[in-house]
Amino acid sequence: MIEFLRRGAEAGPQRPAVVTHEQTVSYGELLAMAERAATGLAALGAERIALADHEAAPVVAMMAAAASTGVEVCLLPPDEAEQVLDLVVRFDHPVVVTDRDDLPASALPDGVRRVGLGELLATTAEVTVRELPARRPHLVLTTGTTGAPRGVRHDWGRLVRTTAHVRPAADERWLLAFGLHQFAGLQVLLHVFAAGATLVAPAPRRPREGLAAMRALAVTHASATPTYWRFLLAELRADGGPVPSLRQITLGGEAIPGPLLGELAATFPDTPVSQVYAASEFGSTGSMRDRRAGLSTAVLERGDDADVALKVVDGELWIRSRTGMVGYYGEPDVDAEEWRPTGDLVAVEDGRLVFLGRSSEIINVGGVKVHPLVVEERIGAVAGVDVARVYGRRNPMTGQIVAVEVVASAGADTTAIDAAIRAACADLPSASRPRSIRFVDEVSTTGSKIVRREAP
Amino acid sequence: MQDRVEQIVREFVARVKPEAGEVAVETPLYADGVGLDSLEAAELSAVLEDEFGTDPFQGETMPETLSDIVSFYATA
């Protein structure tokens, strides 16, 4: 990472590296910040730190510093203090770097040291080019959409290797719609700085602020989850403002419904749309650019030489990745040559791998397995539905029934939408039809992904 | 309360089994009566839970008629 900043600063120290509504940080400034952070980290003497801050430039500087010193940094999600402290304990962090007022030293568990981020970044030091250590660990926490978050151990060497194909593109301005604590955010970060491009980082990272940043901060490229794009399209329809001029739209992080690809094509007719299939554990498998839902079955024929290979076993996608994680936190390293299940259920249709949902999200209706995405896709295509969340609702008769929460478009007639949803699902198998339809102001999401579990 | 329970159940039946016609309080809800199948009964239980916070299908004895459902809420 720091090598990217160095390259960018050499090419043009004044070029913008990180842009927010409040400030622009140049490559020269970001590199200097990262060098100070590296000196501060080295002086700290810790092998691992947890970082609880979300201002983009300092976080990027800290990650670059960590990557250059071999100190493992784990960026914690922007949660309430109580949840952050739970993660500090769960992942045995000895040091928390933060300037958050609600995380004073007195609130930290016994033996955990607090270091101010501003203090660390203010370290005075001469700029020195350090030799990169052989082991450069990085810890990413999963979003926990299907259970408790897990720690996924990566190595900066492997992560940087995935950017070998990235061409210089100093004129690109990428929206940061993911958190940098998420693996998808890390991928955007690596791509942007490998290309010598600019990271546009609005705060908070909601679709409304993302849309505003696209318009005001000249965003050219944007990568986000399908759920994020659905909300952004709803914002666009609601405010009636100009459609941002984008040169690239990327979707990833969860299954991509076909109707959404159609909506994006209609709204951004001249913008290429790319779909990425990636996960914290196995990294990115590449992208599809043909505006069709799912992956081409050609991905199943990559052969042994490919860094990432895929196969289908009993309806589930399995993967072998040489650029993926080193292992889970607290567990031995995984074998990079080993095939592992992804948890993603797929069907092969017309030369495509169509995603049916996560194996953990299957709804069991009286012994019949229902894939929520199939139902969600039907409902999402109904006029007046902005977003739908399909999940299994507990039921005394059948164990579970298919339930849906719907965010309706502003001013829409919910009675008519209810009837249209039932009509749209009338030809589905009986167990797959939604038996509970509720209209809500917002659906449950984690890390801009829909949570398809019933609330406890 | 009784009127509201009867209204909710009759509206539900009118939507999912319009051919059943008017539901009398002692008409069996299943088989040769209204003819609700297990999934429709599951849906009715969710509708009642949404409306009243509890549903009579969670008890040990499944309601057989509209009258049973009314009795459940009368004694709850």
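Where in chain A is the place of Pro204(A)? Pro204(A) sits in the loop between β10 (198–200) and α8 (207–216) of chain A.

1. Basis. This is a predicted model, in which local features need pLDDT of at least 70 and side-chain atom pairs count only at pLDDT 80 or more, while totals for chains, interfaces and linings use all residues. Residues are numbered from 1 along each chain as its sequence is written, chains are lettered from A and ligands numbered from 1 in the order in which they are written, and side-chain values use heavy atoms, with hydrogens and water left out.

2. Chain A overall. Chain A has twelve helices and 27 strands (DSSP runs numbered from the N terminus: helices are H or I with at least four residues, strands are E with at least two). Its C-alpha trace spans about 70 × 50 × 50 Å along the principal axes. Of the 456 residues, 54% are buried (buried is under 20% relative accessible area, exposed over 50%, partly exposed in between, with a 1.4 Å probe and protein chains only).

3. Backbone points in chain A. The peptide bond from Ala203(A) to Pro204(A) is cis, with omega near -10 degrees. Ala218(A), in the loop between α8 and β11 (221–224), has a positive phi near 55 degrees without being a glycine. Ala218(A) counts as partly exposed because its relative accessible area is 45%. Asp350(A) is another non-glycine residue with positive phi, about 50 degrees, and lies in the loop between β19 (340–349) and β20 (352–358). At 73% relative accessibility, Asp350(A) is exposed.

4. Chain B. The C-alpha atoms of chain B fill a box of roughly 30 × 25 × 20 Å along the principal axes. Its radius of gyration is 11 Å, in agreement with the value near 11 Å for a compact globule of 76 residues. Buried residues make up 42% of the 76 residues.

5. Asp3(B). Asp3(B) is in helix α1 (residues 2–16) of chain B. With a relative accessible area of 61%, Asp3(B) is exposed. Asp3(B) and Val70(B) are 67 residues apart in sequence, while their C-alpha atoms are 8.8 Å apart in space.

Technical notes. The radius of gyration is taken over C-alpha atoms; the globule rule is 2.2 Å times the number of residues to the power 0.38.
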